[in-house]
Amino acid sequence: MKPGSGTLTINIMSEGKAETYEGVYQCTARNERGAAISNNIVVRPSRSPLWTKEKLEPITLRNGQSLVLPCRPPLGLPPPIIFWMDNSFQRLPQSERVSQGLNGDLYFSNVLPEDTREDYICYARFNHTQTIQQKQPISVKVISVDELNDTIAANLSDTEFYSAKPNRERPPTFLTPEGNTSNKEELRGNVLSLECIAEGLPTPVIYWIKEDGTLPTNRTFYRNFKKTLQIIQVSEADSGNYQCIAKNALGAIHHTISVTVKAAPYWILAPQNLVLSPGEDGSLICRANGNPKPRISWLSNGVPIEIAPDDPSRKIDGDTIIFSNVQERSSAVYQCNASNEYGYLLANAFVNVLAEPPRILTSANTLYQVIANRPALLDCAFFGSPLPTIEWFKGAKGSALRDDIYVLHENGTLEIPVAQKDSTGTYTCVARNKLGMAKNEVHLEIKDPTRIIKQPEYAVVQRGSTVSFECKVKHDHTLTLTITWLKDNGELPSNGRFTVDKDHLEVADVRDSDGGAYTCVANTTLDMVSASAVLSVVAPTPTPAPIYDVPNPPFDLELTDQLDKSVQLSWTPGDDNNSPITKFIIEYEDAMHEAGLWHHQTEVSGMQTTAQLKLSPYVNYSFRVMAVNSLGRSLPSEPSEQYLTKAAEPDTNPTAVEGLGSEPDNLVITWKPLNGFESNGPGLQYKVSWLQKDGDDEWASVVVANVSKYIVSGTPTFVPYLIKVQALNDVGFAPEPAVVMGHSGEDLPMVAPGNVRVNVVNSTLAEVHWDPVPLKSIRGHLQGYRIYYWKAQEGSLKRNRRHIEKKILTFQGNKTHGMLPGLEPFSHYALNVRVVNGKGEGPASPDRVFNTPEGVPSAPSSLKIINPTLDSLTLEWDPPSRPNGILTEYTLKYQPINSTHELGPLVDLKIPANKTRWTLKNLNFSTRYKFYFYAQTAAGSGSQITEEAVTTVDEAGILPPDVGAGKAMASRQVDIATQGWFIGLMCAVALLILILLIVCFIRRNKGGKYPVKEKEDAHADPEIQPMKEDDGTFGEYSDAEDHKPLKKGSRTPSDRTVKKEDSDDSLVDYGEGVNGQFNEDGSFIGQYSGKKEKEPAEGNESSEAPSPVNAMNSFV
C-alpha cells in the first residue's frame, strides 16, 4: 500500500500464489476525530478444474423416444458457461424439440434419426482463467422399429415384436423439474429464472401463467423457446405460484413452482453526516429492510458500540442514535451494520462537533453580468458551525431582500428570477451564527439583450447574378459583438465570391451549389441570437408578363422576447405578386376566453418583418399576419404558437354602475361585468360597496361572484346611497373604483297636490293651478303632475263614475300649472290632480268642477231639398250635432245661377231655431239656386252647409242630371231631343268637355290654374265665416269651395242629402296623439289619453271638388 493512499495492491505474478491472499479484507481510515471502516472485501482465486474421468457408453434408442444428455461440469469459481458443440467446434442446433437446460444438460423431447451422431460434446468456459474444458464425446444412435425387430428376432416371440407403427405418439411428461410441484428462492434485484422442459410426441409447447396475478409486462422475458421464464429486477411482489403448462395434441400437463423472493438488506434511510456545535442536539437514523428483516448494530470508530468508550450525550434507541447537548469530545465516526443471512450493509456517518464562526467562501467583489429579463444567480458559498443564517442586502443602506421578489436558496445563492435594469447594483451577503458574522459584496450589471432588428430575407435569384443578405443587430454597447455567417449550419465556403462586410453578406456569381440556408449568428460574451434565410437559385428564364394579385400569406411566424406584457412577433413575407406590400395586419386569438374569434392587434409598415406587441395578462395568445398591397389583403398566415401570459390584477372596474331600488326597502346595484379578456386572471369577482349618504354608517361591502347585480335589503325608502363596484381576481384588486350616486327603492307618493284652481280661458281652453307636493312626501324621483278630467252632467259627479271616460294630461317636472285644450263649449267638467314618481301615482286631489262658456255651433247635420215645383223649393235639415250652446236662429242665404254660372242677387233669410223645415216660394221656374245654411248661438254663427237645386219646368217632377251640372231639367220640346242634329251636337259637346277635363287634370297636377277654376274663384261667397279671434276661441275650419257654385261635372247624391265634413279640432291635431303636451301658455306639451269619437261621415258634401275621374263617370 502506497503512503497516503487507501489502495492495497497485490501483485500475484511476482509475490507468490493467489491462494496465499485468499481471505476477507477491510479498510480502516482514522484521525483524531474518529475512524471509518469499509465493507468486507472477499478475495478468492478463480478455479477451472478438469472434468472427472468417466467412461461413456454409446446410447441406442428407438425413434421418437425422449433423451437427456448430462453435462455435469466441474465446479469452478465463478461457475462456467456451458454450451454443446461437435468435433468441428460447431454449435449443435437447438429448437423446441432439442434444447439446453439451465443446468447444462441437453434435452430431447423426442429423437429423430438425424439426431444420430458420435460427437455430442459439452464444453465449459471459465472466463476468469480464459480456459475451456471439454467433456468426453457422447455417441447417440437412433434406430427405427424395423431395425429393432431384426435385432431381437432370434430371441423373442412373435408377440414381443414392436408394432409396425413407426412412432408411438404420447402425451407430454416433464423431464425437468420432476413431480407436480417445486420450490424456488431468489434474491431481490436478481433475475428470476424458471425452467420447464417436457418430452412427448408430437413435441409439446410450453405456456406460463402466474396464479392469482399477471406476469409483469415490462420485466418478463421468454428464453429457450419459452421453456425458460425470466423476470428481471425481481421484488417481493413477484413471490407466488407460477405454472408451466406443456401441451400437445394428445393432452396437457402442468407443474407449479412456488417462488419466494428473499432480500439481502437494502437501505430505507442511511445515516447522514452531522455537523453540530457544542450544546446542540442531533440524531443518526439507520433504517434498512430485507427478507428476513435485517438486524441493526452500531459501531463507534469501528468498535461495537457496546464496548466503545461511553459518551453521556449519546443514547441508543434501536436504529437511531440520539445526541443531546454534544461537546467537542463527542466527535466520532459511527458505523451502522444491517445484516441478515443473505448479506449486510455498512454505512459510515461522522458526528463532527465544531465551533466555527461563519466564513464566506465566494470571492469578494465578484462581478456578475446578466442579460435583461433573464435570471440572475449571485453566489454566497459559506461555512460555519452552528449553521449560519444568510441574508442579502442591496446597496449600502438597503433592507434585507425578501422571498416575495427574490429566491433565497439553501446554499446561500440569491436568485433574481427576472433581472431588470433597476436590478443593477451592489449586493451584500451576510452570514451569521452565534459565534460571529461574515459578509461579502458582489456586483451585478444588467445588459441589454442582443437583438436582430433586420433579419436576412428569403431570396430567389438567377444563376450568375449577385445576392446580398442583410443582418442588422442591436446590442449592449458595453459588450463586444461578433457576427458570424453560416451556410447550412457550417462555415462559409472559402471562396472569393463570398464577401462579409459588417452586417452584410454578399454572394457574387451565384451558382447552383450556393443554394441553401444562410444564418446570421450574433454573439456577445453573454448571449447569442441568430436568424436565417433561404437562398434559392433558379435558371435564367425569359421574363414573363407580370401577374398582379394580392400577396401570398406570410409564413414562419415566431415569438421571441416573451415577457409578461409584451412579445416580439417575426415572420417571413410571402410573394408580393408584383405589387409591393404596403403594410402587415396582425390579429390575435384568445384561445382561453374566445376561441376561434380573431381580433385586430396592430398594423406595421410593409418594410417590417417584426413587431413588438403589447399583451394583456392571463390571455392565451396566438397570432396571425396578413399582408396588404394595392390589390387587397392576403389570406391569413398559419397561427403562431400559443403564448399564455401571466395572470395579473384587473386593470379596470365594471362600467354602467347604477343603484336603483326595485322595492321600497331595497337597493339594487347593477353593473356591466368585465369580459374574460378584461379579467386579467382566474377567479374574477366583484367587491360591491355602499354607504348611505349623509349617514353615520361606515362603508358596507360584499364580494360576489362574476355576476352583474347585487340587492341590498332593509334600506329606508328612497334615500341616496354612494356606490362603488371594484373588480378583483386571484392575483389582486383593480384600481380604486369611482363612486356613483344611487337611490333606494321608491314608494307611491303619500300626499295629493293641494289648492287646485281652475281658470276657464275660453270655451275650449282652461288653465289649472295647484300647489306642489313636498319632496319628502313624493318618496321617489318626481316625474311630474297628472291631471285627470272628464265631462260630467250637472249634479252627477259621483254617479256612474265607472262609465265616465276620463282624459289625462301629464306635465313633467315640478310644474304647478297647466293648460287643458280641446274642451267642448257649453259643457260641465270635473278634474283632479295627482303627483307622479317612478313608482306610480299618488292620491288624487279633491275633484274640482268648472263650466265652459257657449261657442259657435257646428254645421247642421244635413240639408235636403225636396218637393221642387215651378216656383218653390222645400228645405229640410237636422240640427247641428254639436250646438255648443243654445241655438238662437238659423240663417239661410240663396242666390240664382244662370246658364253662364254667374251668380244673381243674394237673399238673406232668418229662420227660428225650433224649425227643421222651410219652403221658399215665388222662385223662378227652371232656375238653379245655390243655398248657404248655418246655425247661430249667442257666441256667433257656426259653420255653413251648402246645396244647389233647380225648380221644375212643369209639375212633372225632378229632371234627370245632365253631363256637367249634376241636375238639369228635361227639354219641353221632346221632338228636338229626338232629332239627329241635336244628338250629334250633344256628342260633340260631350267630347269637347272630356278633352277639357283631361287638360285641366294635367295642368292642375302641375300646379297651374285653368279657366273654369278662375271663374269659380271669381264667384266666391263674400260672406264666408272667418276664424273668430276676438274671444280667443278656435274658429271652425270652412272649406272655401263650399261657397263656390256647383262645378260642372260634380255629382249630387240621389237623395239630395248633404253631409257635413267633420272639421272639429282634435287633440291629435295639437301634438303627439294622445300623449301630446302643452306649455303653460297653452301650447301642447301634455299627455292626452282617452278616446274622442268623431261623428261618422254620412256622405260627401255637394261642394267637394270633383276629380276628372268623377267627371268622366258622370259623363258616361
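Begin by selecting Tyr588, Tyr621, Phe623 and Phe677, which form one aromatic cluster in this predicted model. Within it, Tyr621 and Phe623 make a stacked pair, 5.4 Å centre to centre with 5° between the planes; rings of Phe, Tyr and Trp (its six-membered ring) pair if their centres lie within 6.5 Å, and planes under 30 degrees apart count as stacked, over 60 as edge-to-face and the rest as tilted. Both Tyr621 and Phe623 are buried, where buried means under 20% relative accessible area, exposed over 50% and partly exposed in between (1.4 Å probe, protein chains only).

Residues are numbered from 1 along each chain as its sequence is written. Local features need pLDDT of at least 70 and side-chain atom pairs count only at pLDDT 80 or more, while totals for chains, interfaces and linings use all residues, and side-chain values use heavy atoms, with hydrogens and water left out.

Next, select Glu199 and Arg170, whose side chains meet in a salt bridge at 2.8 Å, N to O (a side-chain nitrogen of Lys or Arg within 4 Å of a carboxyl oxygen of Asp or Glu). Because Glu199 lies in strand S16 and Arg170 in strand S13, the pair ties together parts that are 29 residues apart in sequence; strands (E, at least two residues) and helices (H or I, at least four) are DSSP runs, numbered from the N terminus. Glu199 is buried, with a relative accessible area of 9%.

Then move to Asp512 and Arg463, which meet in a salt bridge of 3.1 Å, N to O. Asp512 is partly exposed at 48% relative accessible area, and Arg463 is partly exposed at 40%.
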